[in-house]
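Please open the model in your viewer and keep the selection panel at hand.

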Amino acid sequence: MEQFKSKFIEEALDLIQDLEKSSLELSADPMNKKHIEVIFRAMHSLKGGSAMFGFNKIDAFTHQLEAAYDMVRAGKLMVSDELIDLTFKSIDHIKVLLSDDDNLSQNSLRNHDFLLNEIRQIINIEKKNSDTPTTSNNSASDAPLAPEKPKHYYIQFIPKPDIFKNGTNPILIVNELACMGTAKVYTFTSEIPELEKLNVLTCYTHWVILLSTLSTIDEIRDVFIFVDLDCELVIKEIEVLDSLKNGQLFQMLDNSFSNGEKLELEGIEKWVQETSKQNQSGNELAAADSTYKKTEQSISSIRVSSDKLDELINLVSELVTRQAGLSLISESINNKDLITIAEDIEKISRRLRDNTFGIRLIPVENMVTRFQRLVRELSHELNKDIAFQTEGTETELDKSIIEGLIDPLMHIIRNSIDHGIETTEERKKSGKAAKGKILLKAFYSGANVYIQVSDDGKGIDTRSVFKHALKKGLVKEDVELSEKELLNLIFLPGFTTAENITKVSGRGVGMDVVKRKISDLRGEVSLQTKKNEGTTITIKLPLTLSIIDGLLVKINHVFYVIPLASVSKCFEFKHDQLINAVNNLIFINDGHIPFAYLRKEFNIETVSPEIEQVVVIEYGDTRFGLAVDEVIGEYQAVLKSLGRMFTSQDVISGATILGDGTVALVMDPAKIISQFTYISEEVLN
Amino acid sequence: MAKTILIVDDSESIREVVNFTLEKEGYNVLVGVDGSDAQKHLNGTKIDLIITDLHMPVMDGIEFIKAVRVNEIYKMIPILFLTTESQNEKKMEAKEAGATGWIIKPFLPAKLIAAIQKVMI
């Protein structure tokens, strides 16, 4: 700021000159609006600028003067000699303030207070005459204190249809809310009309958000500060009693949402009340003893043998397959009632599927507490200041995977604290915030769950990695390795990163063990690092789902399923455009993206249709296009393994049976991207 | 690609502070010294966000916002205006004219960036 301060003083002196001139003119012509406007604007600019550059006294002072001239502008205050006199005195005083705002002489201070008082008096006389007394209902003491426990809020956000005309992007608002805590966002898109009737300047979408946050209701309201008049907004705290599990609420909401219900506040409150009453009476019956209550809660789960679960999952898979047959037949018979029933059964089987698969899943949240403790204790021990943050901990994983993840993650986090994050002094020296940060992030992408641990520490020095590997005899001196290959040396057995082994992470268990444990879970580990910016370790785990939502596509009479979770958009292209694309890049919306012409990759030589479709899939940060003949639509695919004969191929992860008995092959987006981009790089080289 | 932000303010010091802050954040910055001067940028140049003062000589902020909103190309881009807390009715007037939101003076760089991120991806 200092560098701009002198600029401001220069500017302020110019403004003061304008002020003096206009005040003189105003005294000669008190009714002239133009002079009043100039004075007001000058006061306003002085005020805004002085506050920015730390001239607090000028800020307070000009604030009063501005208010006075605002009243003049509005015709509530007459221009009097008294006011003009006061203005001149004030101008002189502002000059004094400009030269030395902080260290005023006694005289100037007295003058300051005197003038302020005078201006206030002028304003107040008029205010008393015109204003109705204001009641101070909203005194500061009423403001709610920040709660320690997260509170749960119901937020219904219905933007007005013309909200876009103010340049507002409602999604940013929803995102901002979601960042305040743990949020469950329901997006209602049912009012979006068909393409021909769609007006792109109209907003058809609205949202219901369930937010658990430490922020106050006022802070939530603040998110909507720019749009409070452009939307219908309901924000209400929901009292969720301790005996009521949030999961129950979400499940109820998920169900109503998939049934197309509106999720109005009233219904939810009623449900919460009833359910908590039920829970409470249950608890009262059990016992009032608090220790007993605890066991009561854990008893709400039952142990079931995993065989029974597997059987259930198999049955659901069968049901989903047969249901696809039903939908198909009902469409061909074209009987209204039959179609309705088929659609209902599809909905129900979808819910049954989600519920059944959900049985084995637990949120990542469950293991977070122990990492929090680890970070707290270790950072104390090593005298480092580290904040541990989590993101997406509601992401669910199979229980056995979660259990298998704890040790490797402990090890990774320990490494970050010990080797990654620098001491406070080192951080200050390299211009970083004193407090280090470790972020544990979990998210779904495609058919995988990712867990990332990133720190903003010093990063890994690949040269010293190489030196160590050399010392340990893991590499030969003359090999040339890429950065990525150098980093991967860390995962070799017998490699220890610590220059001098500390008792924290250098206890002989290396990253090789982490890697092995993750691959036991059928996962993969990768590592990115940037010198002085930090390291990110990414663990990729398979979702153990045997039924997925997919996009059904067709290439030369053969059906394929692309997991819907990784599909971003579909585009239509002429055959020539795809065949003649340079470097296998196509231009889509906002940029060029690489694509694979699947007919070519799969060696299909029949004549291709004139118009083809490109399905854009997203995988992590990569976007990639898949050119297919035809996109058919959404499809629930029951995954069947391909059998031993096909283990050598990569891009097809399984197969599924369509309603009419035809087999469709399920693509693995990750493998497709890695395999086909590799090919094109090879071609380039 | 870096986003482009147009700043319109008659105060050079404010312009410079905002410019400095934004460029440090990696934004491209265009400037106008008042509404009518800023209109020279509305010629098809890619602009992702406009930040404008309200009180300016020649063409004030409200008029400028209206001028932006009738321009087909810039009809839907976010516009933030600078204001001081005392001017509630001005806020309404500016919103009416088509502004997206406001930044209250005085502001620290962090607050400026936060407001920008509130309305622009």
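Leaving aside its neighbours within four places in sequence, which residues is A:Ser50 in contact with? Select A:Ser50 together with A:Phe8, A:Phe55, A:Ile58, A:Asp59 and A:Thr62, since these are the residues it touches once those neighbours are set aside, contact being heavy atoms within 4.5 Å. Before going further, note that this is a predicted model, in which local features need pLDDT of at least 70 and side-chain atom pairs count only at pLDDT 80 or more, while totals for chains, interfaces and linings use all residues. Residues are numbered from 1 along each chain as its sequence is written, chains are lettered from A and ligands numbered from 1 in the order in which they are written, and side-chain values use heavy atoms, with hydrogens and water left out.

**Around A:Ser50**

A:Ser50 lies in helix H2 of chain A, where helices (H or I, at least four residues) and strands (E, at least two) are DSSP runs numbered from the N terminus. A:Ser50 counts as buried because its relative accessibility is 0%; the classes are buried under 20% relative accessible area, exposed over 50% and partly exposed in between, with a 1.4 Å probe and protein chains only. Now display the polar atoms: a polar atom of the A:Ser50 side chain lies 2.7 Å from the backbone oxygen of A:Leu46, and this side chain also reaches the backbone nitrogen of A:Asp59 at 3.4 Å.

**The whole of chain A**

Zoom out to chain A, which has 21 helices and 21 strands. Of its 685 residues, 42% are buried. Among its contacts with a separation of 6 or more, 69% join residues 24 or more positions apart.

**The interface with chain B**

Next, select both chains, where 37 residues of chain A are in contact with 37 residues of chain B. The two chains bury about 3000 Å² between them, 63% of it on carbon and sulfur atoms; buried area is the accessible area (1.4 Å probe) that two parts lose on being put together, summed over both.

Two salt bridges are counted between chain A and chain B, a salt bridge being a side-chain nitrogen of Lys or Arg within 4 Å of a carboxyl oxygen of Asp or Glu. To view a salt bridge, select A:Asp230 and B:Lys95, whose side chains meet at 2.8 Å, N to O. Finally, colour the helices that give two or more residues to the side of chain A touching chain B, namely H1 (2-28), H2 (33-52), H3 (56-73), H6 (170-178) and H7 (217-223) of chain A. H2(A) gives the most to that side, with nine residues.

Methods:
Polar contact = N/O pair within 3.5 Å; in protein donor to acceptor, adjacent residues only side chain to side chain.
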